[in-house]
Structures are given as C-alpha cells and as structure tokens.
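Here is a friendly briefing to read alongside the model. Keep the sequence and the structure open as you go through the topics below.

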Amino acid sequence: MASGSAGAGADLVADLSRLGSASLATVGGKALNLGRLVAADFPVPPGFCLTTAAYRIAAPAGLDAIAARLDGAGSAGAETSDGGSGLPDDHRDGLARQAREAVLAAPVPPDVEAAIREAYAAMGGGPVAVRSSATAEDLPFASFAGQQDSFMDVDGADAVVQAVRRCWASLWTDRAVAYRTTNGISHREVGLAVVIQRMVDAATAGVLFTANPVTGTRTQTVIDASAGPGQQVVSGAVNPDHFVVETASGRILQQPTNAPSLTDTQLHELTSLGDDAQRLFGAPQDVEWVIDGGGKAWLTQSRPITTLYPLPEDDPFTGQSGTDSVGGAGSAASGADGTDTRVYLCGTLMQGLTRPITPMGLHVLALMRGNNNGPWKTVNPGLRMYVDLTPILRNKSGRDLMARMLPLADGRSAVILPALLDDPRFSAARPPRRTSKANTAPARAQAKGAQGTQGLGVFLGIIPGMVRALLWPDRELRRARRYQDRLAARFALPLPATATRRLQHTEDILATSINSLIQATLPGPSLGYLMLALARGLLRGIAEPRELEAVLRGLPHNVTTNMDLELWHLAVSLGGNPESRRAFSELTPGELTGRYRAGTLPAPAQSGLRQFLSQYGHRAVAEIDLGMPRWSEKPEHILGMISNYLRVEDPEQAPDRQFARAAEHAETRISELVQRAGAKSRLRGRLVALCLRRTRQLSGLRELPKFCIVLVMAEMHRQLTEVGAELAGNGTIGDAGDVFFLDFDELRVGLRGGGPEGNCRPPPEAVRRRTAAPAHSAPPAFRRHRRGGCHDGGGRRPAPTGCGRPADGDTRVGRHRHRKSQGDHGPRGCPPGTRGNPGGTLH
C-alpha cells in the first residue's frame with residue numbers, strides 16, 4: 001500500500017471493454033464484473049476504470065502504519081497482542097478516521113490526475129457516475145454492498161478528480177473497516193479502483209435479484225423499480241414497485257395493482273437479462289439496472305447474492321453438484337415430471353439445534369452413519385444436516401412410515417406432510433426391475449450391498465436383547481446401567497501419548513464403539529415403543545391414538561430426566577445454604593464459573609457442582625456437535641440453570657413435583673385404557689396391560705443410546721482438544737479449538753507437517769479463522785430443492801419457525817467454509833423489516 005509502490009509505468013486507466021480478463025487486484029470487483037458484462041455484449045454504459053495502481057501511487061505516507069494497526073500488527077509486521085479484530089470499536093473507528101483524513105489531505109499525483117483528465121476528455125466529458133470498485137467487493141462470500149461511496153451526475157474534469165479522491169477515502173469509512181474486520185480481510189492488502197461511466201438519463205431504474213432473496217427460491221426473479229434514478233431504490237429512499245417473475249416461463253407472479261412502473265415487456269426483458277447475467281457469472285446475481293427515456297435497458301452493476309441459504313453440495317443419488325452454479329456439468333434442467341425435485345428435512349433442527357455444526361462434528365456424524373451408505377441419505381448445506389426424504393416419499397411403505405412416525409418425532413414438521421403426500425412429484429413409484437446379474441454389479445453397488453448387510457446385522461443383533469427385555473425387563477434395565485458404567489473405562493489411553501496417537505485413539509473409539517453401543521442400549525427402548533404400537537392396535541376402536549400420548553409422560557429410567565432432577569435437588573440443597581444462595585443470586589454464570597475453577601465457591605456449591613459434573617460433565621449444549629465444549633469445560637449453562645432454579649417460588653412448579661404429577665397421570669390413563677379394553681374381552685385387557693406396563697418400564701431408556709454416544713463424543717472431544725493444543729503450539733493452527741473446523745484427514749496432514757502445496761512446514765493458513773455462528777441463523781425445517789430452485793412449494797412458511805441465513809462472513813477451514821452474518825447489510829430492495837435478514841423465511 002505504500003506510496004509509490006506501483007511503478008511509474010503502471011497502467012492507470014483501462015476502458016471497460018478491456019476488463020473482461022483483468023484481475024481483481026487490478027480493477028476491483030465492481031469494474032471486473034462490468035468488464036465481463038461488456039465482453040459478453042450486455043448493454044452497459046460506456047466508461048473507463050482508474051486502476052488500483054493509481055490508488056497505491058496516491059496513498060499517503062503513514063497509511064500503511066494505520067492499516068497495520070487495524071490488522072493487529074506492529075510496524076515490523078509482527079502480530080501485536082490486541083489483534084485488529086480485538087480493537088474496541090471507538091479505537092478502530094478513530095484509526096479509520098485518521099486514514100480517511102490522510103487520503104483526503106494528500107494531493108492527487110500529477111500523472112494520475114493527467115490520466116483521469118485524458119480518459120474523461122476521450123469520453124466527451126459531460127455527466128458521469130464515479131463509483132468505487134474495491135478489491136474486497138462483490139465477492140462470492142462478501143458483497144460489501146454500500147460500504148464504499150459512489151457519486152452520481154459528476155460534471156467536469158475538476159469534479160471528477162475530486163470525486164475520485166473521495167472514493168479513495170471511502171475505503172476507510174467506519175462501516176467499510178468494520179466489515180473487512182468482521183470478514184477477516186487484511187486492511188493492508190485491500191485496494192480501490194474507480195469506475196467512471198456515462199450517466200444514463202433514467203426514466204425508470206432499480207435492482208433485480210435472479211433468486212428470491214426472501215424465500216430463497218432460485219426459480220424466481222425479483223425486481224424493484226421506481227421512476228427516476230436507481231440510487232433512490234438502492235438507498236431505500238423510496239418504496240419501489242415490487243415484481244416477482246417466474247424466470248423460466250416469464251409468468252408474472254406479483255406486481256402492483258395500480259400503474260406499475262414497468263410494462264410486461266420490460267419485465268420480461270429485465271428478467272431475461274438477469275438470467276443471462278446469472279449464467280455468465282455462474283451464481284445468482286444482484287443486478288442494478290436503468291431504463292432510459294428511449295426504453296433501452298442498461299445494466300450498471302452485477303454482484304453475487306451472498307445471503308441465500310446454500311443448496312445441498314451434492315445430490316446423494318446422482319452425484320450431481322447442487323451448488324448455485326447454473327449451466328455446465330454441475331447442473332441439470334428441471335424435469336417436467338419433478339423427478340429432480342427433492343425434499344429435505346433438517347435433522348439437526350429436530351434435535352433443537354438452530355446453529356450450524358462444526359465441520360468436525362458433521363464429519364463424525366457422517367462416519368457414525370456409514371458415510372451415507374444406509375437408507376437415510378443426508379446433505380449438509382449451511383453446516384446443518386438434512387435428511388433426504390425423497391426416496392421415502394416415493395415408496396409406498398415409506399409413505400406409510402412417514403405418516404405414522406413424523407407426527408411422533410416432530411409434530412410441527414408433520415403439518416407439511418399431507419401436502420407432500422398429495423404432491424404428484426412425490427407419488428409412490430414402482431422400483432425398477434433389476435436385470436443385472438450379481439457378479440456383474442458395479443463395485444459401488446456391491447459396496448452398498450455390503451453396508452446394507454452390515455446394517456441388517458446390527459438390527460438383527462438387538463433382537464435377542466428385545467426378547468430379554470420382554471421377558472425380564474428388570475434384568476435388561478440393570479444390564480443397560482452396567483454398560484453405561486463400563487463405557488467410560490474402555491476409553492483409557494496409556495500416557496504419555498503423542499498427538500498422532502491421540503488422533504488414532506479418537507478414530508478407534510469411533511470405529512469400535514457405535515455398533516456395540518447400539519446393541520447394548522437400543523433393545524430396551526425399541527421394545528418399549530414396539531409394545532406401545534401393539535397397544536395402539538389392540539385399542540383400535542376403543543381409544544383414540546392421542547390418548548396413548550399420556551402413557552409416555554413422566555417415564556422412569558430416563559437418564560436426561562434423572563439428570564434434571566439431580567440438578568434440581570442440588571439447587572434445593574444450595575438454597576438452604578445462605579452463602580451459596582447469595583453467590584448464585586449476585587454473580588453471573590461467567591463469574592460463578594471463574595470462582596468454581598479457582599475453587600473459591602462456597603463449599604457446598606463447590607463440592608456439589610464437582611460431583612454433578614463428574615457424572616454429567618460430558619454433556620453440552622448442542623451436544624451432538626463434537627466441536628461444542630462440554631459442561632466440564634464450560635459449566636456456565638449449568639450454573640445458570642441452578643440460578644434459575646433458586647428463583648422458583650411456587651412449589652407446584654418444582655421439577656420433581658411436575659414429574660410426579662406426569663407419572664401419576666400416566667398410571668391413571670393406563671388403568672382407564674386397561675379397563676376399557678377389558679370390557680371388550682378379558683384377554684385383550686390383560687394384553688393391553690402387559691404392553692403398556694412394558695412401555696412404561698422400558699421407553700424411558702430412549703435417552704440412553706444418545707447419552708452413551710455423547711459420552712463417546714466427549715472423550716473424542718477431549719483427545720482432539722489435546723491434538724489441537726499441539727497443532728496450535730507449533731503454528732499449524734491459531735487456536736486449539738480450530739481443530740474442530742478440520743476433519744481427520746486434514747488433521748493427519750497437519751500432524752505430518754504437510755501444507756496444501758506439500759511443504760514440510762505446516763501452513764499458518766490451515767485455519768484462516770474461527771467464528772462463532774449467529775444464534776439466530778436458524779435453518780429451514782423443510783426444503784424442496786430442484787435443480788436451480790429451492791422453495792417450500794406452497795408459498796407458506798413451514799414449521800418449525802425460523803430460517804435466517806448463514807450469511808456472508810466466511811470461515812474457511814481446509815476445504816470448508818462457514819458463513820457468518822455479523823456486519824452484513826443484506827441485499828438492497830428487500831421488503832421492510834427484512835433488510836438486515838433477507839433470508840427471512842427461507843425454505
């Protein structure tokens with residue numbers, strides 16, 4: 001960035017028609033995209049670009065030092081202790097102001113000014129638009145929309161030179177500096193080019209999105225338009241006319257009822273131009289456009305839409321890419337019969353997780369499931385796990401299974417199921433006849449067969465346990481508890497252990513534990529729910545299915561319920577100790593955590609919490625994510641719950657009272673159902689009693705498999721944290737926690753010291769940065785994904801609520817990218833109230 005860093009012979013000015021193959025570092029994102037549009041014969045107002053070489057020549061002395069401080073580096077380039085991203089806002093804004101003032105005070109170098117005046121004169125003078133084009137702008141992962149300044153109707157060479165200087169200074173606005181900091185873009189590396197274009201006398205102007213930014217539907221074009229210059233729409237100064245067009249057919253889905261600002265012909269022309277721009281750039285676009293007084297449409301900007309919820313990366317059956325790219329080998333046209341439309345259910349949302357899962361967490365979940373070799377195929381857009389329901393919906397038995405099971409698993413998502421079952425695109429299809437011989441089957445098919453046989457073996461392995469549970473339920477309960485107690489002892493790793501040995505141990509735990517865990521813990525709850533289903537059949541015509549729901553309330557032998565009750569009893573005991581009650585009423589969970597770690601909590605609280613965590617410290621918030629810290633590491637959640645329990649004043653709201661009432665209600669309901677069944681026949685009454693008693697005895701074990709899996713994951717988490725500490729110590733990654741943004745293969749490379757280019761020294765870029773996901777970034781519960789489209793199929797918001805967006809900061813880890821919403825202003829033209837979260841009701 002230093003003044004004079006570009007040589008005197010550097011190209012300072014380039015016509016837009018010459019920018020089709022220019023570099024981002026030379027002309028910035030806006031100019032580069034305009035150059036590609038011009039090269040592809042799109043209607044773009046003529047103009048030229050003042051390259052980043054001019055900015056670097058004009059950069060005043062001292063600007064490098066300010067940028068280094070913003071990056072968290074000293075004058076010699078060494079990282080300082082505070083780090084740029086750790087600067088207080090007022091300190092960061094003060095440095096940004098110093099940079100702006102320095103740029104505005106510095107004279108424009110004579111050769112740069114001469115180049116501007118010459119190129120402006122060659123255009124014939126007159127009014128022009130002077131627009132910033134930063135090297136960190138209009139990127140696929142960060143749009144920087146509105147972060148730098150642009151100036152309209154600039155007339156005269158002197159005014160153009162001054163507007164250029166103001167564009168340069170706008171690279172250092174508070175919002176631009178904050179946005180770069182949030183997105184991890186170096187202030188020392190960024191540069192700014194300036195686009196000067198002929199002004200178009202606008203009759204109508206606005207913005208266009210080639211995918212619906214509110215619903216996420218890729219098959220719709222959304223256009224906002226207003227009479228006069230488009231800057232009014234872009235800035236939000238007017239309420240524009242809002243149009244929605246079906247891109248492929250041109251059918252107008254929504255438009256103003258009175259005197260729309262665009263004719264049908266103009267809508268179709270803009271939709272076609274937007275679709276062509278999307279195909280050119282290979283991703284959905286946010287396009288600015290103008291229609292002049294003669295009716296000609298012009299494109300003045302095109303940038304990627306960065307706020308769409310991502311599509312599945314791969315089709316699990318065809319292997320085709322499911323990214324936003326359009327055209328080429330990675331896409332497919334939508335079939336008229338809907339055979340390429342798929343339905344996904346967010347499995348992580350059903351577990352109560354609205355946040356993304358770490359890449360390591362998804363990697364381990366995939367390994368547990370056999371890498372998609374089982375019947376339930378999954379994809380992970382937005383770092384959430386979605387189950388592909390399409391083959392199940394197209395199978396008669398699968399449809400029956402979904403109709404019975406989904407209401408039990410997630411009643412809110414089940415609301416959508418009838419519409420899906422009635423949709424002809426998902427009607428039951430007869431499976432294709434197999435004509436190939438077994439010995440000529442492809443290797444991939446044989447591998448799937450082997451996995452299927454393995455899965456069948458696991459299923460058959462739980463049958464003896466189900467028989468034991470039916471005949472001797474108490475013995476099965478004791479057996480399950482013994483397995484739980486023995487499980488942790490199996491993980492012991494002889495010390496000392498190298499990081500490589502710890503990683504291998506982690507993989508061994510995963511490879512050897514899951515199948516045995518399933519066979520040890522699943523028979524009891526499986527039989528419990530099987531007996532409930534039998535009772536439902538025996539009670540057909542006697543009781544409504546919903547009446548049996550009460551039988552599952554207040555279940556005994558539920559490890560999660562027992563944990564909650566133990567925490568309540570701990571809170572009750574601490575409430576009787578004045579010193580402990582005072583500490584929990586006056587201190588925050590974070591402060592309580594600090595005192596616990598220091599051993600300075602009141603003695604009853606210190607010992608009680610230690611005992612609780614010794615039994616349940618392996619659990620966590622969002623615990624199915626291997627990357628989440630366990631309660632033993634961060635007990636703030638537990639301490640906060642204790643504080644809340646101590647505020648309970650109504651005895652009837654106490655958890656133990658509520659549990660006792662639920663259990664009593666369940667027993668009363670069983671007695672009623674047995675009596676009603678016995679009125680039909682004595683045998684039926686006795687069978688219903690057996691089924692419901694076994695249901696009560698064994699269904700509470702349903703949490704045990706997950707409890708044990710989380711115990712396995714906690715040990716894996718502990719070992720990987722140690723691996724991360726070693727990698728952070730030798731500079732491979734920046735923080736021990738970054739290990740959870742890699743997978744096992746990438747960790748092995750890091751431990752060997754191999755970088756992406758095969759270097760012996762571990763690359764410091766192994767993890768660019770680690771960013772916590774926004775809590776409000778909730779995924780859509782149901783998604784229908786068609787090649788080129790993602791939508792809810794009915795214009796309704798599906799349950800559960802919330803969709804949000806992963807948005808557009810990025811955390812790259814190995815080959816992963818994790819997006820974050822902080823600092824993003826969203827695309828322009830969104831309806832009121834959705835501007836900051838254009839993902840809104842994404843489906």
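Contact here means heavy atoms within 4.5 Å. Among contacts in the protein between residues at least 6 apart in sequence, 73% join residues at least 24 apart. This is a predicted model, in which local features need pLDDT of at least 70, side-chain atom pairs count only at pLDDT 80 or more, and totals for chains, interfaces and linings use all residues. Residues are numbered from 1 along each chain as its sequence is written, and side-chain values use heavy atoms, with hydrogens and water left out.

**Overall make-up**

- The secondary structure comes to 29 helices and 18 strands; helices (H or I, at least four residues) and strands (E, at least two) are DSSP runs, numbered from the N terminus.
- Of the 843 residues in the protein, 51% are buried. Buried means under 20% relative accessible area, exposed means over 50%, and partly exposed is in between, with a 1.4 Å probe and protein chains only.

**Nonpolar cores**

- A nonpolar core is a set of buried Ala, Val, Leu, Ile, Met, Phe, Trp, Tyr and Cys residues joined through side-chain atoms within 4.5 Å.
- The largest core has 77 residues, and Ile642, Leu720 and Leu747 touch the most other members. Helix α28 (residues 704-729) gives this core its largest share, ten residues.
- Leaving aside neighbours within four places in sequence, Leu720 is in contact with Met360, Leu503, Thr506, Leu626, Val739, Phe740, Phe744 and Leu747.
- A second, separate core has 44 residues, with Tyr55, Leu87, Met123 and Ala163 among them.

**His717 in helix α28**

- His717 has its place in helix α28 and is buried, with a relative accessible area of 3%.
- Beyond neighbours within four places in sequence, His717 is in contact with Leu626, Gly627, Met628, Pro629, Arg630, Glu633 and Phe740. Leu626 and Phe740 are also among the contacts of Leu720.

**Helix pair α26 and α27**

- Helix α26 (residues 655-680) packs with helix α27 (residues 682-698) at an angle of about 160°, and their axes are 6 Å apart. This makes α26 roughly antiparallel to α27, a term for angles over 145 degrees, while those under 35 count as roughly parallel, 65 to 115 as roughly perpendicular and the rest as oblique.
- Axes are lines fitted to C-alpha atoms, for helices over the stretch in contact, and angles run from 0 to 180 degrees between N-to-C directions.
- By class, the contact of α26 with α27 has nine nonpolar, two polar and six charged residues. Ala, Val, Leu, Ile, Met, Phe, Trp, Tyr, Cys and Pro count as nonpolar, Asp, Glu, Lys and Arg as charged, and the others, Gly among them, as polar.

**Helix pair α17 and α20**

- The axes of helix α17 (residues 463-471) and α20 come within 8 Å and cross at roughly 65°, and α17 passes α20 in a right-handed crossing.
- Gly465, Met466, Ala469 and Leu470 of α17 make the contact with Pro523, Gly524, Ser526, Leu527, Leu530 and Met531 of α20.
- The classes in the contact of α17 with α20 are seven nonpolar, three polar and no charged residues.

**Loop between α20 and α21**

- His557 is found in the loop between α20 and α21, where its phi is near 65°, a positive value in a residue other than glycine. At 28% relative accessibility, His557 counts as partly exposed.
- Asn558 is in the loop between α20 (523-538) and α21 (559-575) and is buried, with a relative accessible area of 6%.
- Leaving aside neighbours within four places in sequence, Asn558 is in contact with Gly700, Arg702 and Glu703.

**Other loop sites and backbone geometry**

- Most residues other than glycine have a negative phi, and most peptide bonds are trans.
- Asp41, in the loop between α1 (24-39) and β2 (47-50), has a positive phi near 70° and counts as exposed at 71% relative accessibility.
- The peptide bond from Leu495 to Pro496 is cis, with omega near 0°, and Pro496 has its place in the loop between α18 (473-487) and α19 (499-521).
- Asn395 lies in the loop between α12 (390-393) and α13 (396-409) and is partly exposed, with a relative accessible area of 35%.
- Asn395 and Ser427 are 32 residues apart in sequence and 7.9 Å apart in space, C-alpha to C-alpha.

Technical notes:
A crossing is left-handed if the near helix is turned anticlockwise from the far one by less than a right angle, and right-handed if clockwise.
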